[in-house]
Amino acid sequence: MKKYYLFPLLLITISLFSQSVEFEKSNFPGKKDELKLAKKQLDVGTEFYMQGRKEFDDFRKDFISQNKYAPVSNHDFRQAGITNFKDALTPLTTAYNFNPKNARLNYMLGICYFIIDPGNKTMLKIFSEAFSIDPKVEDDVEFYYAWALHLNSQWDDAITHYKAHLSKLQGKKAAFDIDDINKKIQECENGKKFSATPERVFVDNLGPNINSSYPDYGPAITADEETIMFTSRRDNTTGGKKDEGDNKYFEDIYTSTKINGKWQPAKQISKNINTETHDAVAGLSPDGGKMYVYRDMAKDGGDLYETTLFGADWEVPVKLNKNINTKYHENTVSLSYDGRQLYFVSNKESGLGNGDIYMCELDVKGNWGPSKNLGAVINTKYAEDGVYMHPDGKTMYFSSKGHNSMGGYDIFKSIFENGKWSEPVNLGYPINGPDDDVYFVVAGSGNRGYFASAKKDGYGDQDIYKITFLGPEKQPLLSTQDQLLAVIANPISNLKVENAVEVKMAKVTILKGIITDAKNNQPLEASIELIDNEKNQTLATFKSNSNTGKYLVTLPSGKNYGIAVKRDGYLFHSENFNLPEGADFQEYNKDVALKKIEIGSTIILKNIFFDFDKATIRPESANELERLIKLLNDNPTIKIELSSHTDSKGSDEYNLKLSDSRSKSVVDYLITKGINATRLVAKGYGETKPIDTNDTDEGRQNNRRTEFKILAK
Amino acid sequence: MKHLYLFFMLSFGYLKSQDTVKVASNIPPEQQAELDYNSGLSALSKENFNAAIELFSKAIVSKPLFDKAFSNRAIAYAQLKNFNLAINDINEAIKINNQNADIYFNKAMVYYKMSKRDSENVALMHCLKLNAAHADAAYYAGLFCYEDKDYDKSIEFYSKAIASNPNYAYAYNDRASAKRAKNDFIGAIADYEKALSINSKLPFIYNNLGSVYRLNKNYTKAIEAYTKAIQENPSYVVAYNNRGAAHFENDNLKAAESDFLEVLKKDPSNSGAYNNLASIAIKSKDYTKARDMANKAINIDGKNGAAYYNRGIARQMLREEGGSCEDWKKALELGVSGAKQFINASCLN
């Protein structure tokens, strides 16, 4: 890095071997005037560049001398040479527009951007072109190309070129450069690792009401996240002056409040705080009642002050005591949750590096006692800054350019447990990136944080960002269904039904049949009387079906029953059943053909009973006789013959006499019941008119009968 | 043959309904009660509950101390969800005969349907006191304890039911579920498999078996069990859905999606399947699709807490933070306790 002053000689040498397009007539035939103009711009730009470069190189040399390491971050250069680089930028760009293929021109432009605006994507393109046109255009071209790749998170390519450049370095004189490149290679490895497993966070720029094209950083937020205070170096700074050291406006403190979730345009804080020099937010007490301010008064190296909120305004800041402030640079402050410990950053000589974190405690008199370096677990030989103590009382956030940073300041977390600080943990990508990430504070909820970062998508230089911590990846919730309980999955009728009872029934006979018209066989609805012949009682009356003529009746066995079938206009029909006991169940079919009331119609009166071998009518005949009486009363014009018949047992005379007596008994009975005798004819036929065989009991029973016949109507 | 009274029966097998013959009856009350009771029983078996009630009532009029008629009329009332009348009848039956374990069991069942848990338990215990080997009473006592989350006691009762009836597949199933609740997955698997060995035609038991395998992260076995459930009942969408869940948990999102789509083919208004498609989309980081699927699930079933939960995740990642908080709050309201941590982390200032 000592050959910058040999630039003209190198230019000649390299141009012999490279593909670089020199500003020569032969390369631009027919463009004489344009070439002349471009060359003039190149000369002017080169002049400014060289001056700026000298400042840049001198600064670097001094930095290494002071810190014993090369600048870690591009911000470490504190924009050395920026005025000249800015003056160089326009003419060099004009020359570049005429001839973009000149390696040296590309290199110079790259360096200008590196100082003026390293976040500008043009820087990477320019260095890339410079390197591809002529890798030897300058000894350090590959180093800055690698760094540009690094700043653009192109980790692998950056490592490749860092390593290539490293291979060219050797010897004791290159020791700092070797250390520097090794660190940067490690930073790229860290970046590669962290960006492969990004943290689940949203990182949001707080927007144009907070951020500007100037540096905005150092956020302090109230616990409710409704008010923010921050430092900015924008052009409306109090006094309107710039710091000659870096040609930027002096710091002022700004504030903004949130209304309906939106930050309002930031305003400068009280005039009690902001002065014409540097006034920066250094920290806020947990209750928001005290603010710590960084001020850079003459020859004090930058000190810390405390101001108290009184009503709506901040009081004039009071300088913290000498246990905190020294002739060196002190900045950020954070109080422990109980206000008894004060953490701050100082680059005092006794530290481990260029900015260390210290802590002091309140003594018995309420003053801050001697400060104590937090030690090598936290502090490195590189810079630490932006200390913030979480209200949990044990977690500290801070920024460091050491540890396993990805480049520049990264934010780390360490926990104080069992009397010691834990190994700092990098908050990971995308909170941290290859550039400076610093001044991290956590909101009261702990779910959001605020920090300053020089990310490429910002409004310019450093901006303030909000981090929303999303926590571990949220696993979706499936809708599943189990049917764990059987009766619910597959309901069953679980009630216990009592069984049927055995009904203690009599043995039965089913009597059934069809009632028809005797002449045309059409089914008839007829009234059916059921008579208990023993008790001479009508047990029930029911009807045959009007369509089918069917009837059915179930009768207990072991009894004698009479049945009378009646229908108006028809002669009634009677049957007698003597149902024997025995079988549990028997069926008896009896079809009945009713005869119409007309001359010649005959009917057997099956329920007229006589004493054995006598003509005495038995009482159980009463129902049948009542029916006969009713028939005669209902049809007062009819005349009937009442005849009695016997079977063939006994002599003909006897049978004739018996039948004659029985028919007369019936006629006499009817006369006693009011039937006119002229309507009645008694006739005994003996065994002369059998209707069945006399060879069987059943046949003989059928033959023993009383009939009537209609003689006149 | 104690009484020889005349009676009449209508033979419906012989006469058509229009052939009904009205006859006077002089059957003695006790026999009439028994006849009506038996007819009531026939009506009950045909689920003609109103007719059954009428017939049992007639039986009770004829024979006021007819405990079986009270008991069966109670069943008919219970089937008609007239639980208070059912309990009245059961109490009448108990007054007549307090040694019938089944009546106490019925009482417990009616209380079960009335969700009167304490009364149910008292009746069950009474039943078991009268008949310690009453398998159904032991089963329901197990169910009672299960619903009370007293899984140890539940297992004890189910075991008694099984001891009384070794082929009690339902008791094995439920005991398995109680073991599952105690994270005894091995015991649960053994019981589900025993239940299936008794009755291999019950798809819900295969489904339960699959779910235990899923909990045990044995996805191959889980998928196998769900597949059997589907084979037993090809329209059993629950098993399709759960098989999809097993594929999902086994990181086979394609197979999972196929099963969830099959559920929707068979049941287009299945909110759970839409929610599961939302889950797949979340896994695939397609948050727009996840939100759309969760929207569909919610439109079908506004009480699908999981869908609100998932839509909350999708909306957070789509930077609709306000909407995501509303969704998680709704999910929590609907019983998705996991939403609380998200609300605490992201929705409270």
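**View 1. The hairpin of E14(A) and E15(A) in a predicted model.** In chain A, strands E14(A) and E15(A) form a hairpin that has 5 residues between them, and within the turn A:Gly339 has a positive phi of about 70 degrees. The whole structure shown in these views is a predicted model. One of the facing pairs can be named: A:Leu335 has A:Leu342, in E15(A), as its bridge partner.

**View 2. Strand E25(A) and its pairing with E1(A) and E24(A).** Strand E25 (residues 463–469) of chain A is antiparallel to strand E1 (residues 201–205) of chain A, and 5 bridges join them. In this pairing, A:Asp204 has A:Lys466 of E25(A) as its bridge partner. E25(A) is also joined to strand E24 (residues 448–453) of chain A, in this case by 6 bridges, and these two strands likewise run antiparallel. Here A:Phe451 stands opposite A:Tyr465, which lies in E25(A). Because 5 of the 7 residues of E25(A) are buried, the strand is largely enclosed by the rest of the structure.

View 3. A:Tyr217 has its place in strand E2 (residues 216–221) of chain A. Around this residue there are 24 other C-beta atoms within 10 Å, and A:Tyr217 therefore counts as buried, since the cut-off for a buried residue is 20 or more. When residues up to four places away in sequence are not counted, A:Tyr217 touches A:Phe230, A:Thr231, A:Val438, A:Tyr439, A:Ala452, A:Gln462 and A:Ile464. A:Tyr217 and A:Phe451 are 234 residues apart along the chain, and yet their C-alpha atoms are separated by 7.3 Å.

View 4. Chain A has 12 helices and 37 strands. Of its 713 residues, 42% are buried. Among the contacts in chain A that have a separation of 6 or more, 58% are accounted for by residues 24 or more positions apart.

**View 5. Helices H1(B) and H2(B) packed together.** In chain B, helix H1 (residues 29–45) and helix H2 (residues 49–62) cross at roughly 165 degrees, and their axes come within 8 Å. Angles over 145 degrees count as roughly antiparallel, and H1(B) and H2(B) are therefore roughly antiparallel to each other. Their crossing is left-handed. On the side of H1(B), the contact is made by B:Pro29, B:Glu30, B:Gln32, B:Ala33, B:Asp36, B:Tyr37, B:Ser39, B:Gly40, B:Ala43 and B:Leu44; on the side of H2(B), the residues are B:Phe49, B:Ala51, B:Ala52, B:Leu55, B:Phe56, B:Lys58, B:Ala59 and B:Ser62. By residue class, the contact of H1(B) with H2(B) contains 11 nonpolar, 4 polar and 3 charged residues.

**View 6. Helices H5(B) and H6(B) packed together.** Helix H5 (residues 101–113) and helix H6 (residues 117–130), both of chain B, pack at an angle of about 165 degrees, with their axes 8 Å apart. H5(B) and H6(B) are therefore roughly antiparallel to each other, and H5(B) passes H6(B) in a left-handed crossing. H5(B) contributes B:Ala101, B:Tyr104, B:Phe105, B:Lys107, B:Ala108, B:Tyr111 and B:Tyr112 to the contact, whereas H6(B) contributes B:Ser119, B:Glu120, B:Ala123, B:Leu124, B:His126, B:Cys127 and B:Leu130. The residues of this contact of H5(B) with H6(B) divide into 10 nonpolar, 2 polar and 2 charged.

Notes
Residues are numbered from 1 along each chain as its sequence is written. Chains are lettered from A and ligands numbered from 1 in the order in which they are written. This is a predicted model: local features need pLDDT of at least 70, side-chain atom pairs count only at pLDDT 80 or more; totals for chains, interfaces and linings use all residues. Axes are lines fitted to C-alpha atoms, for helices over the stretch in contact, and angles run from 0 to 180 degrees between N-to-C directions. Helices (H or I, at least four residues) and strands (E, at least two) are DSSP runs, numbered from the N terminus. Angles under 35 degrees count as roughly parallel, over 145 as roughly antiparallel, 65 to 115 as roughly perpendicular and the rest as oblique. A crossing is left-handed if the near helix is turned anticlockwise from the far one by less than a right angle, and right-handed if clockwise. Two residues are in contact if their C-beta atoms, placed from the backbone, lie within 7 Å. Ala, Val, Leu, Ile, Met, Phe, Trp, Tyr, Cys and Pro count as nonpolar, Asp, Glu, Lys and Arg as charged, and the others, Gly among them, as polar. Two strands pair if DSSP finds at least two bridges between them. A residue is buried if 20 or more other C-beta atoms lie within 10 Å of its own, exposed if 12 or fewer, and partly exposed in between; C-beta atoms are placed from the backbone.
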